[in-house]
Every structure is written in C-alpha cells, then in structure tokens.
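Let's take a walk through this structure together, one stop at a time.

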Amino acid sequence: MPASETYRVFVSHSWNYDDYDRLVDLLDAADGLSWEDLSIPRDDPVHAEGEDALLAAFAEQIGAADIVLAISAVSATYSDPIQAELDIARDQDKPIIGIRPWGNQRESAIVQNYADELVSWNTDSIVDAIERWAEER
C-alpha cells in the first residue's frame, strides 16, 4: 500500500482506554502516517443481543481493517473479547501486530501467540510494522 494512502487499523485493547488512548495519540502524532481507527469506540460501544451478534459486529469492524494492533498487556490474557477479536482477525487473514505494553507491565500470552510480529511501544516500531504488514497484503 503506498504511503500516501490511509491505513485502516483495528486496535484490540481489552477496554483498557489508558493504553488505547496512549496508542491513538502516538499514531496521530506519527509523521507521515495517515490512518483510520476502526476500533470499537468508547462513545459508541457495540450494542448486540447475544454473543453471535457481538461476534458479527467484531467481524465487520475487523473485516474492514488492513491490520490489527493488539496491546499485549496481561489484562488481554483474561479478556474474552480480545480472544474473539484475535480469532476473527486470524480467520480473516489479517496481520496482527502485538505491541508490548507501556512501561514494565507483564505481557499477554494470548497476544504473543497470535501476533505475526511483536514490537516495542514506540512510534517508529509500530509505524514500521503497520506499513510493512499492510503492504504485504
């Protein structure tokens, strides 16, 4: 995908909005990166009747994405939605980039197992991975 195009990104974040907000700010501030956030927004959560409807909503959001970013905080290990989102991403053959947590937090084994690549929490590592994996698709 040429750098002038917009990357469509789904961020799997286990409703940890501190890490999610920090990541969004990092991506918004990245020089030359044009991206669209296809994550489930805090102000418009999925309103689904039952698990099948919830999974369908996840599948629709992830299906429109070029790439999935998964914050690898240990809280993801205990999150059914994270597991479901990563299963859907894998089923849809979406690249999954695991982002090591900010600071010295422990990492999620689930994200480590699903990730096509694990990167450090810094702008260059994350943007480079987005560009490489989205272009390979």
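Helices (H or I, at least four residues) and strands (E, at least two) are DSSP runs, and they are numbered from the N terminus. Asp93 has a positive phi of about 55°, even though it is not a glycine. As a rule, most residues other than glycine have a negative phi. Is Asp93 buried or exposed? With a relative accessibility of 59%, Asp93 counts as exposed, because the cut-off for that word is over 50%.

Now step back to the whole chain. Keep in mind that this is a predicted model. The protein chain averages a pLDDT of 85, and 82% of the residues score at least 70. Among its elements, confidence is highest in β5, at 96, and lowest in helix α2 (residues 51-63), where the mean is 88. Where pLDDT is low, the predicted coordinates should not be read in detail.

How many helices and strands are there? The protein chain has five helices and five strands, and from the N terminus on they run β-α-β-α-β-α-β-α-β-α. Of the 137 residues in the protein chain, 45% are buried. The chain exposes about 7,000 Å², with carbon and sulfur atoms supplying 43% of that area. As for contacts between residues at least 6 apart in sequence, 71% of them join residues at least 24 apart.

Next, the strands. β3 and β4 pair in the parallel sense over four bridges, and Ala70 stands opposite Gly98 in β4. β4 and β5 also pair in the parallel sense, over three bridges; here Ile99 has Val119 in β5 as its bridge partner. So which way do the residues of β4 point? In this strand (residues 96-99), Ile96 and Gly98 point one way while Ile97 and Ile99 point the other way, and all are buried.

What does Ser72 touch, leaving aside residues up to four places away in sequence? The list is Ile99, Arg100, Pro101, Arg106, Glu107, Ser108, Val111 and Gln112.

Two names on that list, Arg100 and Glu107, take us to the charged pairs. Side chains of opposite charge can pair when their charged atoms come close. A search of the whole structure turns up four salt bridges, and we'll visit some of them. Glu107 forms a salt bridge with Arg100, and their closest N and O atoms are 3.5 Å apart. Glu107 counts as partly exposed at 27% relative accessibility, and Arg100 is partly exposed too, at 32%.

Another salt bridge joins Arg132 and Glu117, with the closest N and O atoms 2.8 Å apart. Arg132 belongs to helix α5 (residues 123-136) and Glu117 to strand β5 (residues 117-119), so this pair ties together parts that are 15 residues apart in sequence. At 38% relative accessibility, Arg132 counts as partly exposed.

Asp19 is buried, with a relative accessible area of 3%, whereas Arg22 is partly exposed, with 30%.

Our last stop is Ser39. Where is Ser39 found? It lies in the loop between β2 (35-37) and α2, and at 5% relative accessibility Ser39 counts as buried. Its side chain takes part in a polar contact of 2.6 Å with the side chain of Asp37. A polar atom of the Ser39 side chain also lies 2.8 Å from the backbone nitrogen of Val11. Not counting residues up to four places away in sequence, Ser39 touches Val9, Phe10, Val11, Tyr20 and Gln61.

Terms used:
Residues are numbered from 1 along each chain as its sequence is written. This is a predicted model: local features need pLDDT of at least 70, side-chain atom pairs count only at pLDDT 80 or more; totals for chains, interfaces and linings use all residues. Side-chain values use heavy atoms; hydrogens and water are left out. A salt bridge is a side-chain nitrogen of Lys or Arg within 4 Å of a carboxyl oxygen of Asp or Glu. Buried means under 20% relative accessible area, exposed over 50%, partly exposed in between (1.4 Å probe, protein chains only). Contact means heavy atoms within 4.5 Å. Two strands pair if DSSP finds at least two bridges between them. Accessible areas come from the Shrake-Rupley method with a 1.4 Å probe; for residues, only the protein chains shown count as cover. pLDDT is the predictor's confidence in each residue, from 0 to 100. A polar contact is a pair of N or O atoms within 3.5 Å; within protein, one must be able to donate a hydrogen and the other to accept it, and residues adjacent in sequence count only if both atoms are side-chain atoms.
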